[in-house]
Amino acid sequence: MHGAASYGWLLVALCTATGAYCLLRMRSAVEEQRRAAGGEALMGFGMAAMAVPAAAFSPPAWTWPVYAGVFGVATLRALWAARTGAHHLHHLVGTSAMVYMAVVMAGSPGHHAEHGAASGVPLVTGTLLLYFTGYVLLSGVRLVPAGKGGAAAGWGDRPELSRACRLSMGIAMVAMLIAL
């Protein structure tokens, strides 16, 4: 990822923490929660790996096609899940964005930032930026407490924490698309 190293390390920390929490959510008693948490853990750790600053570690050229393949499979899984409910469409967009970023990074191995050339297809990048910005704003509003009290749930079953997890990944996606 291009940009300042400090931003990259902050994204690595955010995405790693999000991925780790999603692994905790996989212990939920609800099967749908576990399945969603697994996909979100993959996204979190994949985003963390992509966000490592190029100055600290330049991955070998074969890394980006591997990322594209892994997230391509995740995209197909999200597409299959989207046939049962529209709430899976966000996962489809997210995994597709990861494939897009991996393909762009495969085509521009880190030298564009110094020369000022843009990476990626501006229309695709802009559309993804608009989508994830809207998602972040909407998710942020949904996190505002509604004043409802309820029984304490386990760490994996707390809806506000899973929303916060998705919000942090949305914020990281916006940052990564801007730095692309």
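Axes are lines fitted to C-alpha atoms, for helices over the stretch in contact, and angles between N-to-C directions run from 0 to 180 degrees. The model is predicted: local features need pLDDT of at least 70, side-chain atom pairs count only at pLDDT 80 or more, and totals for chains, interfaces and linings use all residues. Residues are numbered from 1 along each chain as its sequence is written, and side-chain values use heavy atoms, with hydrogens and water left out.

**Exercise 1.** Determine how H2 and H4 are oriented to each other.

*Solution.* Step 1: the axes of H2 and helix H4 (residues 89-107) come within 11 Å and cross at roughly 25 degrees. Helices here are DSSP runs of H or I with at least four residues, strands are E runs of at least two, and both are numbered from the N terminus. Step 2: angles under 35 degrees count as roughly parallel, over 145 as roughly antiparallel, 65 to 115 as roughly perpendicular and the rest as oblique. Step 3: H2 and H4 are therefore roughly parallel.

**Exercise 2.** List the residues through which H2 meets H4, and classify them.

*Solution.* Step 1: contact requires heavy atoms within 4.5 Å. Step 2: H2 supplies Ala-36, Glu-40, Met-43, Gly-46, Met-47 and Met-50, while H4 supplies His-91, Gly-94, Thr-95, Met-98, Met-101 and Ala-102. Step 3: this contact holds 7 nonpolar, 4 polar and 1 charged residues. In this classification Ala, Val, Leu, Ile, Met, Phe, Trp, Tyr, Cys and Pro are nonpolar, Asp, Glu, Lys and Arg are charged, and the others, Gly among them, are polar.

**Exercise 3.** Describe the largest nonpolar core and the place of Met-98 in it.

*Solution.* Step 1: a nonpolar core is a set of buried Ala, Val, Leu, Ile, Met, Phe, Trp, Tyr and Cys residues joined through side-chain atoms within 4.5 Å. Buried means under 20% relative accessible area, exposed over 50%, and partly exposed in between, with a 1.4 Å probe and protein chains only. Step 2: the largest core has 35 residues, and Met-98 is among those with the most contacts inside it. H7 gives the most to this core, with 8 residues. Step 3: leaving aside neighbours within four places in sequence, Met-98 contacts Met-43, Gly-46, Met-47, Met-50, Phe-71 and Met-173.
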